[in-house]
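This briefing treats a predicted model, and it takes up pockets, sheet and helix packing in turn.

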Amino acid sequence: MCGIVGYVGPRRAAPILLEGLKRLEYRGYDSAGIAVGQGSGVLASVRRVGKIRVLKEAVPKSLEGIWGIGHTRWATHGGVTEANTHPHFDCSGKIAVAHNGIIENYRALRGMLSKEGAVFTSETDTEVVPKLVAKYYEGDLEAAVKAALAHLEGTYGIAVIHADEPGRIVGARNGSPLIVGVGENEMFIGSDVMAFISSTSRVVYLNDGEVVSLDAASFKITDRADVQVDRKADAVTWELGEIEKDGYPCYMEKEIFEQPDSIGRALGGRLDRENATAKLGGLNLDRRFQRAVSRVSIIAAGTSWHASLVGAQLLESVARIPASAELSSELRYRNPVVEPASLWFAVSQSGETADTLYAMREIQRKGANVLGICNVVGSTIARESDGGVYVHSGPEIAVASTKAFTSQLAAFYLFTLHMARMRDMSRSEGERFLAALASVPDKVKETLGGRDRIQAIAKKYSRAGDFLFLGRGLLYPIALEGALKLKEISYIHAEGYAAGEIKHGPIALISGEVPSVFLVPHDPLREKVISNIREVKARGGPVIAVGIEGDEELAGLVDDFIPVPAMDWRFYPFTMVVPLQLFAYFCALELGRDVDQPRNLAKSVTVE
Ligand code: AGP
């Protein structure tokens, strides 16, 4: 989704803004622009449709100015045109605004401002903001922004500059993240830390309803009641090296291959061998409440939802706690029953997904404890949840989530072990579960060794127009995830199904042109899945199977076989998802797609 960056300090702003925008590219965008103060009562602005490099080429190398704002736009209101690209301006051209979110009452405001003589040059909802700021401006930008905000309904993270107030940026947040970066005699503002991580790792998170006014030396935050807030800077732990490609051709490949390490980090320090359980420091829950939990409900979107589906099955089958995972976009609008002894999880890599955040707030309003499973430290869901687990995947930059998924799984396996050991799981069973969990990074590493075989299979099938991904039990969510990965980055149509469901409809799709990818572990459902494969083969459908090393029967039955190492069957979600990630990746490469920034997608979906 859209990204904001702002800079004020002793250096030339334009190159810093362009670098910040480049680092925000991963969020997904279709156009970008900057506005830079010139110190003589004018703002210089350049906006372009397309990639940041197009904008960079258009920005004059000599562009002076030591403060400014920049924006990457992901179109919501109005087409992808230069006129709709941010920053947007008031009629004098002196006030510039970069905005993330949606101003819901923009039509009414536009009507009001037009009657007062404002001339609009874009179709965006954003353009009402600079016009409103201009209406109230009397020499104090912060006061004018606050007056303008009183009219806005909807969500926003905004950064505003005025040509007549050199060295000042005013920001405001309501529902869209905004973070201040504190440097040495320079300040930054951004929609996420990526915007300025190469310059500073000291950050100040804004809360909803807050306004910040910053210059090179200081920042001042005020809350909804206009009371000044004293807030110290936090340190961001991500290193610059973690957000470089590190010799890989793209972030997605790097992130897939990082998984042995990222899963290791998610497990790090949390395996309590002495007590055959897991230690999760951030749960913030009374032990008696944990013991009394009678239901676990999980909310999430996309890939995080798929990890949650695995987590729910696991909690139910291993810890014997009734559990379910639901799409946050659905739950939010259906007035769910929140039982007193229920425990909720909000799962989100970015910690900023609007659907999940709003659903979480609704559940909290009803009095339940909501724990977060997040990757981005300091993200809104992480800060607003009642406790939780950081998955420590490190920055995930490719739009398609891979390493965050396996780390989310790790968090659920740890939590399941912890809850099961508080209930009926014996010490010896706890030891077995723990040992299998500890072996996951190595098993994933071994699975990654199948890269070349998977690439060859992807090459063979990448021209197919439709795919089915099929699995049962814990591997049904992995089938959904495999299909999502393929759709997202290769644009090939794919459906994930519970393998037992195919004869209830999807089998009608089977033909020589529609390959099926089956997940076939050695688990209690193996024979059932083998029968499903026979049904597909009988109808002429090509079959690729991800199965267990040495499974000759399976290898002989299918057209292409991808082996993963044998392990405790409950842990196959970790290894079986890896070939599907690689398969999607290599199909996308074959088709010449933009793997890291697939069309129409955004890394963190901060609007509904
Ligand atoms: C995953 O590949 C997707 N890009 C998407 O489905 C994502 O998982 C979803 O938007 C949820 O994001 P979150 O984990 O940051 O909340």
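Which residues lie nearest the centre of the largest pocket, and how many residues line it? The largest pocket is lined by 32 residues, and those nearest its centre are Ala301, Gly302, Thr303, Leu484 and Glu488.

**Pockets**

- The largest pocket holds about 640 Å³ of space, and its lining divides into 13 nonpolar, 12 polar and seven charged residues.
- At least two lining residues of this largest pocket are supplied by each of α9 (302-318), β20 (342-348), α11 (354-365), α17 (476-490) and β24 (493-498), with α17 giving the largest share, six residues.
- The second largest pocket has a volume of about 360 Å³; of the 17 residues lining this pocket, Lys22, Glu25, Lys245, Tyr251 and Gln597 are the closest to its centre.
- The lining of the second largest pocket comprises seven nonpolar, one polar and nine charged residues.

**Sheet**

- Eight strands form an open sheet in the order β3-β2-β4-β1-β10-β9-β11-β15, with antiparallel pairing; because β3 (43-49) and β15 (234-235) stand at the edges with a single partner strand each, one side of each is left without a neighbour in the sheet.
- Strands β9 (residues 179-182) and β10 (residues 187-190) run antiparallel and are joined by four bridges, and Val180 has Ile189 in β10 as its bridge partner.
- Helix α1 (residues 13-24) lies across β1 (3-8), β2 (31-37), β4 (67-73) and β10, running at about 155 degrees to β1.

**Helix packing**

- Helices α13 (residues 403-422) and α20 (residues 572-590) pack at an angle of about 170 degrees with their axes 10 Å apart, and they are therefore roughly antiparallel to each other.
- In this contact, Phe405, Thr406, Leu409, Ala410 and Tyr413 of α13 meet Pro573, Phe574 and Val577 of α20, a set that divides into seven nonpolar, one polar and no charged residues.

Definitions and conventions: Residues numbered from 1 in each chain as written. Predicted model: local features only at pLDDT ≥ 70, side-chain atom pairs only at ≥ 80, totals over all residues. Heavy atoms only, no water. Pairing = 2+ DSSP bridges. Contact = heavy atoms within 4.5 Å. Axes fitted to C-alpha atoms, helices over the stretch in contact; angles between N-to-C directions. Parallel < 35°, antiparallel > 145°, perpendicular 65-115°, else oblique. Nonpolar A, V, L, I, M, F, W, Y, C, P; charged D, E, K, R; others polar. 1 Å grid on protein atoms, 1.4 Å probe; cavity = no way out; pocket = protein on both sides within 12 Å on 5 of 7 lines; lining within 4 Å. Points joined across faces, edges and corners; volume = space filled by probe spheres on them.
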